[in-house]
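Work through the exercises below with the model open beside you. Try each task before reading its solution.

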Amino acid sequence: MREYKLVVLGAGGVGKSALTVQFVQGIFVEKYDPTIEDSYRKQVEVDGQQCMLEILDTAGTEQFTAMRDLYMKNGQGFALVYSITAQATFNDLTDLRDQIGRVKDSQEVPMVLVGNKCDLEDERIVTKDQGSGKAKEFHCNFIETSAKAKINVMELFFDLVRQINAKSPTSAKKKKGGCVML
């Protein structure tokens, strides 16, 4: 079974942990408890193939930036998360995107720009057009999610798996009918 190392990045309070826990455990975490770093594993089927996802839920706070290079180096796919209700969290993503490009020494990295908290439409500050425009600038996919309302949570992680498969399809085709270990 092929393993995928996915990294969830973004500013503090955007809902990185809520998205990850909703995907892995199917529950919504209401209270905000700042993360240092949490790792989750979940076996899923994507496009008929069994896959093991290792999801790294990262710190959004500045004091843990030293750890970023390491998980950017090891990660295969990245979810760049912002809150649609907070402009600053959207603005922070360019630095993260640039850092991933530097660490990976490539701009062609499996990545999804994630506008979270789309259930809070009446509190929206960052428009969908801004999100899709930034995704075009980053040359990556764009999706709006809500961990609370379970909107596009699975799609987000499955999209990253599909991008990784498209980028390195040979390792997925070595074994007939399934994923293989890298």
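Two strands pair if DSSP finds at least two bridges between them. Helices (H or I, at least four residues) and strands (E, at least two) are DSSP runs, numbered from the N terminus. This is a predicted model, in which local features need pLDDT of at least 70, side-chain atom pairs count only at pLDDT 80 or more, and totals for chains, interfaces and linings use all residues. Residues are numbered from 1 along each chain as its sequence is written, and side-chain values use heavy atoms, with hydrogens and water left out.

**Exercise 1.** Find the bridge partner of Arg41 in β3.

Solution. Start with the strand pair: β2 and β3 (residues 49-58) run antiparallel, joined by 10 bridges. Arg41 is bridged to Glu54. Then inspect the hairpin, which has two residues between the strands. There Asp47 takes a positive phi near 50 degrees.

**Exercise 2.** Give the strand order of the sheet, and state which strands stand at the edges.

Solution. The sheet is open, with six strands in the order β2-β3-β1-β4-β5-β6 and mixed pairing. β2 (37-46) and β6 each have a single partner strand, so one side of each lacks a neighbour in the sheet. The twist averages 25 degrees from one strand to the next (angles run from 0 to 180 degrees between N-to-C directions, with axes fitted to C-alpha atoms, for helices over the stretch in contact).

**Exercise 3.** Trace the chain from β5 to β6 and assign the handedness.

Solution. β5 (residues 111-116) and β6 (residues 141-144) run parallel, joined by four bridges. Val114 stands opposite Ile143.

**Exercise 4.** Describe how α1 packs against α6.

Solution. The axes of α1 (residues 16-25) and α6 (residues 153-167) lie 9 Å apart, at about 90 degrees. α1 is therefore roughly perpendicular to α6 (65 to 115 degrees; under 35 is roughly parallel, over 145 roughly antiparallel, the rest oblique). In contact (heavy atoms within 4.5 Å), residues of α1 including Leu19 and Phe23 meet residues of α6 including Leu156 and Phe157.

Terms used
A crossover is right-handed if, with the strands pointing away from the viewer, the path from the first strand over the helix to the second runs clockwise.
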